[in-house]
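Let us work through a few exercises together. Please have your viewer open and try each task before reading its solution.

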Protein chains: 2
Amino acid sequence: MSRKLAYRNLPQLFLKAREELLCHFRPIITHFGLTEQQWRILRALGEMEQLEPREICEHCHILSPSMTGVLSRMEEMGLVTRVRMPEDQRRVIVRLTPKSEQLVSELGPLIVEQYKIIEQAFGPELIKELYEVMDRVIAAERGPISRIELPPKKDWANLKF
Amino acid sequence: MSRKLAYRNLPQLFLKAREELLCHFRPIITHFGLTEQQWRILRALGEMEQLEPREICEHCHILSPSMTGVLSRMEEMGLVTRVRMPEDQRRVIVRLTPKSEQLVSELGPLIVEQYKIIEQAFGPELIKELYEVMDRVIAAERGPISRIELPPKKDWANLKF
DNA sequence: ATTCAATCATTAACATATTAGCCAGTCAAC
DNA sequence: GTTGACTGGCTAATATGTTAATGATTGAAT
């Protein structure tokens, strides 16, 4: 009874391919004492000047509960400032500090250098295709995809066999 | 001073695209009381009959320290058995249980159904291209890619500005 | 002015990711 | 038979992912 499914695990392939790329950047990022998520946020703030936590979540693909902790630690490290908006006490403005501005200006060019190296190694066409295919996947609407009907829920965790 | 880097954040695009796919499978997996990682392991064991933790780590892209906890919880739930190899007490054999065999045989077809739906929504060519591009990225050798030289390390976390 | 739904950030609880280090078991060289 | 390098699984410590719920704040409807 071959249990082999008809489709290879696509999300897992994404995971593997992503790791394949990231392993070339991780050493650079950790060299500066940052985590990958912290660098995503620094890079976003470097490009957008100022953002609200909610906007950073969307842009960097980090969930809100994680964001709270990440920003707290970054504030502690002196990498960002958090200021409540006077006109709406729920919202917050996040900015880079002089220190992190400096950090980004040093780290950014190194990342770009690494991209160039990877582009040569992978072949420029592959990189181009990558961006293109990714965009097409992301562009595919989430909504209109129908959902399969699920069988009645069993409590597998407590089922005895 | 526009800080915009020359390259879009490619690992982040992978993250987004992966999430775009996974959000169609996650409801199915959680419906059965599983996490995504647990399903990856169950699927692998369903196809390979028996595996050692080290092999599962490679196949499912889960690091060894995480694997310890995941397998412990799965053993606790009665989803896998762990047996030490007599001839080499360091190694362990992991297998499905009758319960999880049953689970996989129920869950697997639902996953396949969802793939078919996604394939129709995305277009079969896109899926095909996806698999192809992913494989090319993964095939790109990790070794021969040269590393940029890093500047002397500063302790950014404690630098005062 | 009060009520009510919606919004934003946060907390709580648990699972996993990541890095470093540990420890027992194996195996080959001495 | 010891030593020493190596392997495989594990622990520890910290950071993040994930889901659900809380709490304060706002704005619109009453």
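The exercises below go from the contact between the chains to the symmetry and then to the salt bridges.

This is a predicted model, in which local features need pLDDT of at least 70 and side-chain atom pairs count only at pLDDT 80 or more, while totals for chains, interfaces and linings use all residues. Residues are numbered from 1 along each chain as its sequence is written, chains are lettered from A and ligands numbered from 1 in the order in which they are written, and side-chain values use heavy atoms, with hydrogens and water left out.

**Exercise 1. Describe the contact between chain B and chain A.**

Step 1: Begin with the residues. Chain B contributes 86 residues and chain A contributes 86 residues, where contact means heavy atoms within 4.5 Å.

Step 2: Turn to the area. About 9,100 Å² is buried between chain B and chain A, and carbon and sulfur atoms give 69% of it. Buried area here is the accessible area (1.4 Å probe) that two parts lose on being put together, summed over both.

Step 3: Arg3(B), Tyr7(B) and Trp156(B) supply 10% of the area that chain B buries against chain A, more than any other three residues.

**Exercise 2. Find the polar links across the contact, and the helices on the chain B side.**

Step 1: Count the pairs. There are 20 residue pairs in polar contact between chain B and chain A, both residues at pLDDT 80 or more. A polar contact is a pair of N or O atoms within 3.5 Å; within protein, one must be able to donate a hydrogen and the other to accept it, and residues adjacent in sequence count only if both atoms are side-chain atoms.

Step 2: Assign the helices (DSSP runs of H or I, at least four residues, numbered from the N terminus). Several helices of chain B each supply at least two residues to the side that touches chain A, including α1 (10–22) and α7 (124–139). The most comes from α6(B), with 20 residues.

Step 3: Between chain B and chain A the count is 4. One of them joins Arg136(A) to Glu129(B), with the closest N and O atoms 3.3 Å apart.

**Exercise 3. How is chain B laid on chain A?**

Step 1: Superpose the copies by least squares on the C-alpha atoms of residues with pLDDT of at least 70 in both. A turn of 180 degrees and a shift of 0.0 Å along the axis give an RMSD of 0.0 Å.

Step 2: Locate the axis. Phe14(B) is the residue of chain B that comes closest to the axis, at 3.2 Å (C-alpha). The same surface serves both copies, as 100% of the contact residues of chain B recur in chain A.

How values were computed. Salt bridge = Lys/Arg side-chain N within 4 Å of Asp/Glu carboxyl O.
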